[in-house]
Amino acid sequence: MAVSKTDFVRGLQCKKMLWLDAHAPEYKIIPPEVQAKLDAGNEFGDQAMGIFGDFVETTTLREDGRLHFAAMLEKTKALLESGEKVICEASFSWYGNFCAADILKKEENGYALYEVKNTYFPRQEFITDLGFQRLILRKCGVPIISCNLVLRGDEPPEGVVDTKLGESESLLEHGDFLYKLVDVSRAARKADFMASNCVFELGKLKKKETLMPQIEMGEHCNCPYRCWYYEYCSKTKE
């Protein structure tokens, strides 16, 4: 695989992080509290799959438990050809760059793309993620008519401030939970353009086995997330 949507977002935060993910993941340290948030996010994503009714999920695992990307791509292709209304983890590849869209919903003139996040308001890194997905789907011939975030619709904790990054929003109740749908199509189009300008550069970097980028530690180590290689870089800096 060239670049996944996770690779893309992490590579933009720090190219050294992307290189370490590909060539030295043994130095990664994920704090328990961070892993708990990741697990909660995965659970939230699973629950959100049914917000538009019946759906088909493409996730396929190999015998060793890893994702079977080729099978997911083939299943997605078949579902698109059959006119499936809602596909979860819809998978696409363009020049080896891969993404699995959380929710792809068929509309009258194309498809609405949804990224699910277990939080209350949009953040720029979510839009960057959607922009990468929009690029891959567009290059694969999928007509995208809107890009959206699926967020928590309940009352946010005190002190959590709206980022005002969305263009419009609506609430949708599913089961015992309230979801907020935020249209970020305009911002995602800009992120798509940005992604097209740097995705191949990141792909080349990921493949280089011997030349780890030499990047000084700084604010990017904690923005938008605390890097999982922070301790490794701190030690090698000494």
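Before listing elements, I noted that helices (H or I, at least four residues) and strands (E, at least two) are DSSP runs, numbered from the N terminus. This is a predicted model, where local features need pLDDT of at least 70, side-chain atom pairs count only at pLDDT 80 or more, and totals for chains, interfaces and linings use all residues. Residues are numbered from 1 along each chain as its sequence is written, and side-chain values use heavy atoms, with hydrogens and water left out.

**Entry 1: the largest pocket.** I looked up which elements line it. At least two lining residues each come from α1, α2 (15-23), α3 (32-48), α4 (69-82), β3 (97-106), β4 (111-116) and α5 (124-139). Helix α3 gives the largest share, 9 residues. A pocket here is an open set of points on a 1 Å grid over the protein atoms alone, with protein on both sides within 12 Å along at least five of seven lines; a cavity is a set where a 1.4 Å probe fits but cannot get out, and lining residues have an atom within 4 Å of a point. The space in the largest pocket is about 2,100 Å³, a volume being the space filled by probe spheres set on the points, which are joined across faces, edges and corners. Of its 49 lining residues, Thr-6, Leu-38, Asn-42, Lys-117 and Trp-228 are the closest to the centre. I sorted the lining into 22 nonpolar, 9 polar and 18 charged residues (nonpolar: Ala, Val, Leu, Ile, Met, Phe, Trp, Tyr, Cys and Pro; charged: Asp, Glu, Lys and Arg; polar: the others, Gly among them).

**Entry 2: the cavity.** I found 1 cavity of 30 Å³ or more. The largest cavity has a volume of about 90 Å³. Its lining has 13 residues, with Cys-14, His-220, Cys-221, Cys-227 and Cys-233 nearest the centre. Helices α2 and α7 each give two or more of them. By class I noted 10 nonpolar, 1 polar and 2 charged residues.

**Entry 3: a ring pair.** I counted 10 aromatic pairs (rings of Phe, Tyr and Trp, its six-membered ring, with centres within 6.5 Å; planes under 30 degrees apart are stacked, over 60 edge-to-face, the rest tilted). The Tyr-27 and Tyr-232 rings have centres 4.4 Å apart and planes at 25°, so I logged the pair as stacked. Tyr-27 is in the loop between α2 and α3 and Tyr-232 in helix α7 (residues 230-237), so the pair ties together parts 205 residues apart in sequence.
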